[in-house]
Structure formats: C-alpha cells, structure tokens
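Here's a quick briefing to read with the model open beside you. Have a look at the fold first, then run through the notes.

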Amino acid sequence: MSDTVAPRRGERAPYLRIERLTKRFGGFIALSDISLDIYGGEFVCFLGPSGCGKTTLLRAIAGLDVQTSGCVWQAGRDVSALPPTRRDFGIVFQSYALFPNLTVWKNVAYGLESAKAKKADIDHRVRELLDLVGLPDQGHKYPAQLSGGQQQRVALARALATSPGLLLLDEPLSALDAKVRVYLRHEIRQLQRRLGVTTVMVTHDQEEALTMADRIVVMNHGVIEQIGTPVEVYRQPASAFVADFVGLMNFVAGTIVGPDRVRVGRLELACEADGFPPGTGVTVAIRPEDIVLEGIRGGEPNAFPARVETMAFLGSVFRADLAAEAIGESRLRAELSIGLVRRLDLAEGHTLPVRLPKERIRIYPGSAVHG
C-alpha cells in the first residue's frame, strides 16, 4: 500500500481520514465500518452515551487500540499499522495522567526532552506553553499542589509541547466541577482556534459538544448516527436517537394519514411526512422551545387548546407540561421565557391555545415513544 492518498474529486484533502474502520473485542463489535473525514484546523467532537464506541475510535486514531480492519490516514500518510510513538498527535486524558514525581515544568518538558531537543529550546517552549495555558508561575510546583483545573491545563500544555498536528482529548473535563468545566471548555476552544491545531474530543456531554465543536459526530452502538454542525445536529436530528440524546425533545406516537398529514390522538397535524405512506406508524417529535403559546389566531393549522398541568421554575425559563384532550394521554413539555409567562399570566391549571409549527415537527419511523 502506498504512503499517500489522493483527495476525492471536488473536495479539499482531509487532514484525518478514517476508512471503513471496524474494531472487535472477541465477539463484541465496538466499531462497525466507520468512515469519517476531518479537515485541518477543525474541532470535532465524538458524542454519545457510554459504550457507544467513541473512546475506542479515538484510541484507534492514536494507535492505542489497533483496529481489526480499515485504515487511518493522517496528513496523506497511512498510519494504520504504526505504533503510537510514530504517529503525530498529543493526547489529554480525563485523569490528567501527569507524572506525580515531576514538577509542572518537567511534565511539560517531558516530550521535548525525550525528543532530545536543545535545553534552550525546551526552556523557551515550556515558558511559552505555561503562559499560553495561564500558569506562568506554577512551573516549580508538583501536580498534587494544583487544583484539578490547573492539572488539566498542565496536561494540555504537555500534549501541545511537541507541536503535534493532531490533538486528541478523551473526556478531558468530565472529572472537574461544573464551574471549572464551563470555564475550561471556553479556554480550550479559544486556545485551539489560536493555534489552529486539528482537534478531536470525546465527550458524553451534549452541551460541551454543542458549545465547542465545529462538527459533531454522534455515535451509538459502534456506528455513526449523524455528522453535522452543532446547529444541524440540534435542529435537524437525523434519527430519533439523535433527537433524544441531543437536547430535550417531545416524542408522541402518530400515524401518517396522507401527504404531509399525521394523526396524533384525535388531532391531524400538518407536517413534512418524508414520503411515509398512509397508515405508517411514526414518532412525531418537536423541541420544547418550538411550541408556540402566544399570538395564535383561530383556525390556524396545528393549533389546539391545552392545559398547563405543571410548571417548574429553572431560573432563566419555566418548563411546563401541557395536556390536551385532542392528543390523548400524551404530554408535551414546553420551555417558556419568564417574559412570556408574565405576559400571559400563566399558572398551573390554565387552559390556552398552543400551536406546533409545521416546520419544527420532525417525523421518525416507528411508533416507539421515548421518555
């Protein structure tokens, strides 16, 4: 096999190309025929529940878990059979994996010293990186003397020390408390943009993926469910799994009754039926924030009376559960701004007209309704 690969016609060459990658552990298939292109300078998140294969895919890219079949190309070079030491990446783990017996300075310098870099170059690079991650005066300390957030910054500096072409982040923020996590994800994203390093991050945290990624790869049971920008994945989920995993979603069982019509309970809704024939059992989905409760005129499509069963105050919004005779036993969850609640003087027990905008309804095959 040659060491270079030509880009496909009509596209720029990807920096990282994964082709038909499969990984088996005995009889268990952890990854099944995965193909994916990642471009230079991109920040891509592998997102999915525990056991979906996202960490296995990251480790295959790094050569830490060699694939059963398939290829990994990096910068036009087939690295599929190369050991980790001959691949061009830096990696940051959830557990930091710092050397406890080495100072912060020595931890960051470790890869450069292993590469036999000159001492003056090492000193300059370590000083530069500690400045970059906001720890210019911490070089003399040991990891145990730092907070979790500071240790993760050191781990990031160490991963970047040798100027790798690829940065791999394996759930780097999940061991930190919520405030530090939010702060560090912004810092990591800003740092990645400034350096322009191609970055792949594994996470099970949808908010992390939505706020940090250029593109999200949603995985489930060893396959890719959807690849898209955060807006695409959130607004146009390709499957009921993606719709359920990314953000909150209402799911109601329905039946297609005609072109662009679906019946839910006694109600017929106008929607994009996606070519399903009449009589097909489907799942009707809509985001809580897309349910309209204001400015509804009589006779509008997809409008019906609903009763506010419960309201929960979440700080920036109220979350309300709506019941309607027209849709049977199903409940719809709506997210309402504080201003809207005040304008409509909403309270539990109130009945008011609601509308489900046609363009916001998604239809998925099968009538399974998710919780």
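The lining of the largest pocket splits into nine nonpolar, four polar and two charged residues (Ala, Val, Leu, Ile, Met, Phe, Trp, Tyr, Cys and Pro count as nonpolar, Asp, Glu, Lys and Arg as charged, and the others, Gly among them, as polar). Keep in mind that this is a predicted model, where local features need pLDDT of at least 70, side-chain atom pairs count only at pLDDT 80 or more, and totals for chains, interfaces and linings use all residues. Numbering starts from 1 along each chain as its sequence is written, and side-chain values use heavy atoms, with hydrogens and water left out.

**The pocket**
- The largest pocket has a volume of about 520 Å³, taken as the space filled by probe spheres set on grid points joined across faces, edges and corners.
- A pocket here is an open set of points on a 1 Å grid over the protein atoms alone, where a 1.4 Å probe fits, with protein on both sides within 12 Å along at least five of seven lines; lining residues have an atom within 4 Å of a point.
- Of its 15 lining residues, Phe-89, Gly-90, Ile-91, Gly-111 and Arg-158 lie nearest the centre.
- β6 gives the most to this lining, four residues, while α2 (104-114) and α4 (148-160) each supply at least two.

**The sheet**
- Four strands make an open antiparallel sheet, ordered β2-β1-β4-β5 (strands are DSSP E runs of at least two residues, helices H or I runs of at least four, numbered from the N terminus; pairing takes at least two DSSP bridges).
- β2 (28-38) and β5 (77-78) are at the edges with a single partner strand each, so one side of each has no neighbour in the sheet.
- β1 (residues 16-25) and β4 (residues 69-74) pair over five bridges, and Arg-17 has Trp-73 in β4 as its bridge partner.
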